[in-house]
Amino acid sequence: MKKDHKPTGPSQRMLRVGELVRHALAALFARGEIEDEALRDTVVTVPEVRMTPDLKLANAYVMPLGGAHADEIVAALNRHRKFIRGRVAPQIDLKYAPEFRFFVDETFEEAGRIDALLRSDRVRRDLENDDEQD
């Protein structure tokens, strides 16, 4: 019997390499090695790095602390992606150094929106009705 199991998400290897790259990027940003006016005195967090299946492209989702000027920060990081690649490549043990693309991480905004929705009067009223029925 032939089993057709298609992966529904990233492989373990993609996740592991993504985490290695995330740590290397975070360390690079913490050291402040990138000289750019937009990045000066800015703390940049790297919540997630998604690797392509061939591990040649790393999509890094970043957010400056506080979320201010996120688009400027991402533009600056994309301008310096060759420098970043050169600094990160020796720290990770891969045959090919991945190319980087930086994006604004919007999960914080999404979490805030969901939290506000759960705290709304409408949801609170529905929860109170459920408690009364029990």
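Buried here means under 20% relative accessible area, exposed means over 50%, and partly exposed is what lies in between (1.4 Å probe, protein chains only). The model is predicted, so local features need pLDDT of at least 70 and side-chain atom pairs count only at pLDDT 80 or more, while totals for chains, interfaces and linings use all residues. Residues are numbered from 1 along each chain as its sequence is written, and side-chain values use heavy atoms, with hydrogens and water left out.

**View 1. The largest nonpolar core has 29 residues.** Such a core is a set of buried Ala, Val, Leu, Ile, Met, Phe, Trp, Tyr and Cys residues joined through side-chain atoms within 4.5 Å. Those with the most contacts inside it are Val21, Leu25, Phe29, Leu77, Ile84 and Phe102. At least two core residues come from each of helix H1 (12-31), strand S1 (44-51), strand S2 (57-64), helix H2 (70-79), helix H3 (81-88) and strand S3 (99-104). Helices (H or I, at least four residues) and strands (E, at least two) are DSSP runs, numbered from the N terminus. H1 gives the most, with seven residues.

**View 2. Strand S2 pairs with both S1 and S3.** Two strands pair if DSSP finds at least two bridges between them. S1 and S2 are antiparallel over six bridges, whereas S2 and S3 run parallel, also joined by six bridges.

**View 3. Phe29, Phe100 and Phe102 form one aromatic cluster.** Rings of Phe, Tyr and Trp (its six-membered ring) pair if their centres lie within 6.5 Å; planes under 30 degrees apart count as stacked, over 60 as edge-to-face and the rest as tilted. Phe29 and Phe102 are tilted, at 6.3 Å centre to centre and 50° between the planes. Phe29 is in helix H1 and Phe102 in strand S3, so this pair ties together parts 73 residues apart in sequence. Phe100 and Phe102 are stacked, at 6.0 Å and 15°. Why does Phe102 count as buried? Because its relative accessibility is 2%.
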